[in-house]
Amino acid sequence: MLNLIPPEIKQRHKTRSKLYSITVIYIVIAALFILGPIALATYQFVQNSQITDKLSEIDSINAQIGQSKDVSDKLAFIESRVSGATSYQEQRSWDGYLKTIASSTPTTVQLTSITLDDGKIAAPMFKVAGKSSNRRSIVLFKDKLTTNELISAAVFENLSESSNESGKVFLFSLAITFKK
């Protein structure tokens, strides 16, 4: 095959071809230098947002675990309190104690307060306060309490006399200790 193209044109063609190739290479390199950091920044942004999402999921799961642990701790506490309350209720009959005090109270004695002194002691102790128009009724009340088989001791803590428009009033307080 014969090549009829003059050598100068061939040379220009080669030069143009080389120039075109070099220009394309420079454009590709420039594009890599410009688009490379943008691509890396975008990739880093996407990775950071994924990491942030995963961390928030981990925090949410940790919070749920903490809540479930709190709930289980509270349930265990309630269960222990309920089991303790049932055994506590089986050991003591508060209605029986109050009925014993009520049945021993004379009609001339008015009770103003009944309080449990300390729930931690082995035998329950009640503090009873009241008033009466005569001292004899208060002494009879104390004596009747000490003769009851459920009561181990009844001790005066206070006995005082005061006056009002209807006459003398005797105020008293007793410490009543029941047997176990």
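Colleague: Is the crossing of H2 and H3 left-handed or right-handed?
Modeller: A crossing is left-handed if the near helix is turned anticlockwise from the far one by less than a right angle, and right-handed if clockwise. Here the crossing of H2 with H3 is right-handed. This is a predicted model, in which local features need pLDDT of at least 70 and side-chain atom pairs pLDDT 80 or more, while totals for chains, interfaces and linings use all residues. Residues are numbered from 1 along each chain as its sequence is written, and side-chain values use heavy atoms, leaving out hydrogens and water.

Colleague: At what angle do H2 and H3 pack, and how far apart are their axes?
Modeller: Two packed helices are described by the angle between their axes and the distance between the axes. Helix H2 covers residues 94–104 and helix H3 residues 135–147; the angle is about 135° and the axes are 9 Å apart. Axes are lines fitted to C-alpha atoms, for helices over the stretch in contact, with angles from 0 to 180 degrees between N-to-C directions. Helices (H or I, at least four residues) and strands (E, at least two) are DSSP runs numbered from the N terminus. H2 and H3 are therefore oblique to each other (under 35 degrees is roughly parallel, over 145 roughly antiparallel, 65 to 115 roughly perpendicular, the rest oblique).

Colleague: Which residues of H2 and H3 meet?
Modeller: Contact means heavy atoms within 4.5 Å. From H2, Ile101, Ser103 and Ser104 meet Phe141, Lys144 and Leu145 of H3. The residues of this contact divide into 3 nonpolar, 2 polar and 1 charged (Ala, Val, Leu, Ile, Met, Phe, Trp, Tyr, Cys and Pro are nonpolar, Asp, Glu, Lys and Arg charged, the others, Gly among them, polar).

Colleague: How many aromatic pairs are there in the whole structure?
Modeller: Rings of Phe, Tyr and Trp (its six-membered ring) pair if their centres lie within 6.5 Å; planes under 30 degrees apart are stacked, over 60 edge-to-face, the rest tilted. The search finds 4 pairs. One of them, Phe141 with Phe172, is edge-to-face, at 6.1 Å centre to centre and 70° between the planes. Phe141 is buried at 0% relative accessible area, and Phe172 is buried at 3% (buried is under 20%, exposed over 50%, partly exposed in between; 1.4 Å probe, protein chains only).

Colleague: Which residues do ring pairs link into a cluster?
Modeller: Tyr97, Phe126 and Phe178. Tyr97 lies in H2 and is buried at 12%. Its C-alpha is 7.9 Å from that of Phe178, 81 residues away in sequence.
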